[in-house]
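Please look through the following structure together with the briefing below, which moves from strands to helices.

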Amino acid sequence: MAERRIQVTSRLGLHARAAANLVRVASQFQSSLTIRRLDGNAQADAKSILSILTLAASRGTDLTIIASGSDEEEALNAVVDLFSRNFDEPEKADSEQFSRATMELRCKGLGVSQGIVIGRVLRLQEGARNVYRAEIAEADLERERRRFRAAVRLSRRQLEAIKDRAEKELGRGHAYIFDAHLLFLQDAKLTRDVEDYIVKERSNAEWAAKVVGDRLLSIYTQINDEYLRERGSDIEDVIQRLLSNLTGEGPKYPNLSEDAVIVSTELLPSTIAELNLNHVKAIATDAGGWTSHMAIIARGLGLTAVVGLRNFYHRTRTGDQVIVDARAGDVILHPATETLEQYRFAVHEPVPTVREVSVEEFGPVVTRDGVQISLRANVELPTEFHAVRDFGACGVGLFRSEFLLSRPGLIGSETEQYEAYKLLAEAAGDYGAIVRLFDVGGEFGPDLKERERNPALGLRAVRFNLHNKQIMRTQVRAILRAAAAGNLSLVIPMVADVADVRMSRQVIAEEVERLTSGNTTFAEVQVGAMIEVPSAVLTAEKIAREVDFFELGTNDLVQYTLAVDRGNDKVAEWFRTLHPAVLYGISRTLQAAKDAQIPLIVCGEMASTPAYAVLLGGLGTTDLSMTPAMIPRVRNVLSQVTIAEARDVALKCLAVATADEVEEIVRIEFKARWPELFPPSALPK
Ligand code: PEP
Ligand code: MG
C-alpha cells in the first residue's frame, strides 16, 4: 500500500470535469485508489465520479491518496501528478465556463398566500411523472436487471448523441458536462447500487433507480459548496433520463428529507399531496393564478407561495438560495447579503397568519340585519379535515375528492375511498360534508397517455366520470356506504345541462339498486350539481328541478364565462372575478335556486375573499364554502355589515358594463360604508 498527502490547488476544486479526468487516469491502473479527506469527513473511490464529487473537495482541501495493488506506485504517481497539474485545465477557461450567474435575480409573480421564506431551491422537473414501487417475482429479477441495463445503454446512446451535437454547435468546452453525465451513468455507485436494490428488495427497476438516485441527490444537496452542490442537478438530469427511458414517463421529485422551497414550472395538486409537507417551506411556480388548484391548496395548508413567475424554473438549480415573499409576490434568487439582512428582519417579524386568528365562534354568522349565512369549509386533503373544527366551519361545503387520487392513473379502491369519506363525515359532524365526484381530466384513468389538445374543454369532470363508468360507480358506492355512518351529500362537477344530471343520476340509482339487492349497508344521499359553465347558468332553472341543491363554482364560472384559462399567467389580467357577466351569472343562478326552493352554496375562491363574500351576500347568497383558514375573517366582516346595504352595492355593480367599473364601485362604496372593515389593501386594486 502506498499513500501520499496532497492539497487541492485548482480554483474550482475537484469539480465535475476535474473528477472526470481523475476517473480516467485512475481507471488505467489495476490498483484500488482511495481518496480521503484529511479532516476525516469523507472518503472516495478515485474510479467513481459520483464518489469523488461527494468529497466536496474545494480549493485548499487536504487529502490523502491511498493506492493498493500490483501497480500502486505508478498509480499513485500518476494521480498525484494530475493533481499537481490542476487536472490539466486552463484556469482562465475554467472560471469562464463554470461561473454561472449567481447575481441576485428578482422575479415578479403573484403572491397567493401569506409569509416570507428564505430557503434552498428544490426543483421538481417539468413534465416528470411519479414512480411507484412494484414487487418483482423472484423468477423475474434477472429480467428486471436486464431491463435496467438496457435503459442505461439507451441513455448512454442519447447522451453521446447530445454530446456530439453540443461539441459541434457549442464547442468542446461546453460539451464536457455530458462527459460527466456519461460517467455518472457508467458509475458502479449508481448502476451496481440499482441492480443490488432490485435484487435485494425485489423491486422494479424504476423504483430502484429512484431510491438510489434520491440517496445520491440528498448527499449533494447537503454539500456546503455552491459549485459542487450544483452537480446535484446534473445527477438529477441523469436519473430523470434513466427513468424516462425505463417508463416512458419519467419520475417526479426527490425525497424531501430536508426543508425546501419547491420550484417548478407547474405543480400538480397531486404532487403537492404526495410531498412531505413538513419539509416544504414555500412554493414558487412559473404558471398558475389565484384560483389554480395549486394556489388554493397552498392557502389551505398555510404555505408561502408565489405563482405566475413565467421563466423562473430554468434559472434555478437545486440548492440555490432563494427568498419567497408571498406578500409582495416577489422571488429573489441568489439574494445579496444586504437583501438577506432586510428579509431576515422581515422573517423574524412575526407575519400575522390567518391561523393565528382566534376562533371562538362556530356555525353560521348573522349579519347586523339578522340574515343568517352558513360558512362551510372547502377541503382537499384528509390532512386538512381537522380544519373544519379548528376554524368553526358549518361542515364541509366541498370536498375535492380527486385529491385522494394522489397518483396519476391510480384510483383508490372502493374500501380506501369508503374509509376516507367516513373520516370526512366524522370531521364534518352534524352539518355534514358534500363530496364532489372526481373532477379530473384526461391525466387520470385508463387514458393516461392520451393528451387532450384542450383539456379544460375536454373529457373533464362529469364527462370523464360518464366515460369511465366503473370509476364513477366505485366512487358512488363508496359515498353511499359511508353515508350510512354520517351526513354526506354528493355533487356532480361541471354539469353542462340537464342531460349530464340525468345520466349521472341514472348511474347513482343503479348503484343504490345494487347495494340494496346485495344487502349492503348504505344511505341514500342528496345529489347536487356544480354550476360553473355558461350553459348550466343559462338553463339553471331546468337543472334546479332535477337536483337537491346547487353549488356555484365561481373559479370555473369566471374561466368559462370569460374564456380565460384560470391557470395561465399570460391571461391573468383578463381573469376578472368582478366582471358584470360573472355577477349576472351568479345572480341568475341564485334566482333559479330560489324559485325551485333548493339551497345554493357558493364554493369558489370568491367566497374566501371577505369583500367578495359581502358582495355575494348582497346578491342573495346565504351559504358560502371557503378555504377553512379564511372563515374567521369572512365571519368577522359579515357580522358587521347589513345585507340591505350589501344589496344596494350589488345592484349598482350589476348595472355597469365593465369589470373596471364594478371594481370602482366596490372600492368607493365599501370605503364609504365600512371603512374600518375594508382598508384599501382588502379591496380590488
Ligand atoms: C370552482 O370552480 O369554483 C370550484 C369550486 O371548483 P374547482 O376550483 O375545484 O374547480
Ligand atoms: Mg370547478
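In the parallel pairing of strand β7 (residues 116–124) with β8, which is joined by 4 bridges, the bridge partner of Val121 is Val261 in β8. This is a predicted model, in which local features need pLDDT of at least 70 and side-chain atom pairs count only at pLDDT 80 or more, while totals for chains, interfaces and linings use all residues. Residues are numbered from 1 along each chain as its sequence is written, chains are lettered from A and ligands numbered from 1 in the order in which they are written, and side-chain values use heavy atoms, with hydrogens and water left out.

**The sheet**

- The open sheet has 8 strands in the order β5-β12-β11-β7-β8-β9-β10-β6, with mixed pairing; strands here are DSSP runs (E, at least two residues), as helices are (H or I, at least four), numbered from the N terminus, and two strands pair if DSSP finds at least two bridges between them.
- β5 (105–108) and β6 (110–111) stand at the edges with a single partner strand each, so one side of each is left without a neighbour in the sheet.
- β8 also runs parallel to strand β9 (residues 280–285), to which 5 bridges join it, and the bridge partner of Ala260 in β9 is Val280.
- Strand β11 (residues 321–325) pairs with strand β12 (residues 330–333) in the antiparallel sense over 4 bridges, and Val322 has Leu333 of β12 as its bridge partner.

**Burial**

- In strand β8 (residues 260–264), 5 of the 5 residues are buried, so the strand is largely enclosed by the rest of the structure; buried means under 20% relative accessible area, exposed over 50%, and partly exposed in between, with a 1.4 Å probe and protein chains only.
- In a regular strand the side chains alternate between the two faces of the sheet.
- Both faces of β8 are covered, with Ala260, Ile262 and Ser264 buried on one side and Val261 and Val263 buried on the other.
- Helix α11 (residues 293–301) is mostly covered, since 8 of its 9 residues are buried, among them Met294, Arg299 and Leu301.
- Just after α11, Gly302 takes a positive phi of about 70°.

**Two helices in contact**

- The axes of helix α22 (residues 610–619) and helix α23 (residues 631–638) come within 9 Å and cross at roughly 50°, where axes are lines fitted to C-alpha atoms, for helices over the stretch in contact, and angles run from 0 to 180 degrees between N-to-C directions.
- Pro610, Ala613 and Val614 of α22 make the contact with Arg633, Val634, Val637 and Leu638 of α23, contact meaning heavy atoms within 4.5 Å.
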